[in-house]
Amino acid sequence: MALSSQTRRRLAHGGNATAVSAMVVILVGMLVGLAQRHPVRWDFSEDAANQLQQGTIHKLELLDESATEVRVTAFTAQQGKTDSYFKNRALKDLLEELGHASVVVEARLVDFDRDRLTAEQLGVTEYGHLVIQRGDDRVDLRDRDLFRRLGAGAERRLEFLGEAAFNRAAAQLLSKRKKVIYALRGHGERDVEERGPGGLSDLAEILERENYELKALDLFRDRQTEGAPSIPMDAAAVLLARPRMPLTVPEEDALLEYLARGGGLAVWVDPGSVVPEILDRLQVTVGDGLAMDRTLVFPYNDRPVPRYRSHPVTSDLAQERLVTVLAHIAPISGTDPMPAHVRHQVLLETSRMGWVELGGELDAGTALYEPEIDRPGPATMALAVEVQSHPDGPVSKAGVLGRAVVVGDSEFATNQLLVEGPGNASFLVNSFRWLLGDDGRLAVVGRPTKVRRLALTLEDRNMIRWLVLGLLPLITVVIGGAVWASRRGR
């Protein structure tokens, strides 16, 4: 039976459409297979907020170097709770990112209600628990460590702290013994426990994530033995944060003896504040005036944008082009020429257009360089010191290398300014890492940021599923029927 030309045309169009559809299905299947075998990720969120922070990536790299398997087991939240979906989704996203970024991390999310055997094997008795295991070492994180509530009433919301908690746990696994940094007090220093704008409590929390404990120490009141004051033997580093009164001779001797043991010392001074005598022993001078520059942190006229010099402490900050914000900075310098037992390296300085402001006229509240009054730059803001002792030098125990970091500002580490500077936290943590000899951990530290997440309820997810599986195919069928009807009427 012969087919009419219109029927043959319809069969031809239908055959072509079927072939194209089959090719599209095959192509989509191939793309899905390739994506599963070779996953590629892009983060298009603002500031790449949905990817792991550099500090987390660096810790994962250190874990990878050890080639020891790390098992991360997270248990789901209690079903039926209003925030259970958000908690489970946040944990799942974190576990996926950790597994994707590391070759030694094996991460899984376990249903606490359905898989009680796994919970019993790990000794977990509560919802939302997270267990991190590395060999015989183990760190447990509870729900309150991973989430916290902010706001009140209608503004109350849940914040996910899982990555920061994993950071602390990874630091504990990498360094089994928590290292103690003693901050001296008793001379008007900045307080590590104060939560006000001028305190250092935020710095203590940041160091806590790195498995460092920042503790206050009064060399006279906190002595455990009679006799001259001394730095405790468990001190990994000592912080002297802007003393307002001079240290006594026994305290200065204690710091000197501590450097002789190969210790690390951080000294922060402000313009006009007391200069510890130990800086003279380190051949470091704190000058008069202020370090200034033409390039300022807007809108402040006493915050020059520092330039990083080549040093392990600053190399990652320079590469990431992070700005460390200091305020009202005293210029510091090392003795020239340097003694044989002391080595100075500049960490932060002004540009060549900078200078040391010693007074003179102001232009709309901003200092101006006056050659007849001021000293030309660049002006040094922070200095790294390495002390190699020798029998006739200031440190009597030969053959021991001590380290010190001297900064002409203390405000940059306070609660008020710490979060304002993109590079402040990284510069501080890297300074202490270098002082403690943890050179392998030097890296950029992520600042606390608000994680932007698309929070979907179960109803939202079901609606999206039906839109994709039902509405879109229906639209395709309708459009196809309209095209077929229009061609039939020709």
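Predicted model: local features only at pLDDT ≥ 70, side-chain atom pairs only at ≥ 80, totals over all residues.
In which helix does Pro250 lie? The legends below take up that residue after a view of the whole chain.

View 1. Residues are numbered from 1 along each chain as its sequence is written, and side-chain values use heavy atoms, with hydrogens and water left out. Helices (DSSP runs of H or I, at least four residues) and strands (runs of E, at least two) are numbered from the N terminus. Of the chain's 490 residues, 42% count as buried, where buried means under 20% relative accessible area, exposed means over 50%, and partly exposed lies in between, for a 1.4 Å probe and protein chains only. The chain exposes about 26,600 Å², of which carbon and sulfur atoms supply 53%; accessible areas come from the Shrake-Rupley method with a 1.4 Å probe, and for residues only the protein chains shown count as cover. Among contacts (heavy atoms within 4.5 Å) between residues at least 6 apart in sequence, 71% join residues at least 24 apart.

**View 2. Pro250 in helix α8.** Pro250 lies in helix α8, which covers residues 249-260, and is partly exposed, with a relative accessible area of 34%. Although Pro250 and Pro229 are 21 residues apart in sequence, their C-alpha atoms are 6.5 Å apart in space.

**View 3. The largest nonpolar core, of 48 residues.** A nonpolar core is a set of buried Ala, Val, Leu, Ile, Met, Phe, Trp, Tyr and Cys residues joined through side-chain atoms within 4.5 Å. In this core, Leu203, Leu214, Leu239, Trp268, Phe412 and Phe427 touch the most other members, and helix α12 (residues 424-436) gives the largest share, eight residues. Another core, of 32 residues, lies apart from the largest one and includes Ala254, Leu255, Ile278 and Val406. In soluble globular proteins, nonpolar side chains tend to be buried together.

**View 4. An open sheet of four strands, in the order β2-β1-β3-β4.** The pairing in this sheet is mixed, two strands being paired if DSSP finds at least two bridges between them. β2 (105-110) and β4 (137-141) stand at the edges with a single partner strand each, so one side of each is left without a neighbour in the sheet. From one strand to the next, the twist averages 15°. β3 (residues 130-134) pairs with β4 in the antiparallel sense over five bridges, and Arg134 stands opposite Asp137 in β4. Helix α6 (residues 162-174) packs on the sheet, where it touches β1, β3 and β4, and its direction makes about 160° with that of β4; axes are lines fitted to C-alpha atoms, for helices over the stretch in contact, and angles run from 0 to 180 degrees between N-to-C directions.

View 5. Most residues other than glycine have a negative phi, and most peptide bonds are trans. Ala67, in the loop between α2 (54-66) and β1 (70-75), has a positive phi of about 60° and counts as exposed at 61% relative accessibility. Gln283, in the loop between α9 (278-281) and β11 (284-286), also has a positive phi, near 60°, but is partly exposed, with a relative accessible area of 23%. The peptide bond from Gly377 to Pro378 is cis, with omega near 5°, and Pro378 is found in the loop between β19 (375-376) and β20 (380-388).
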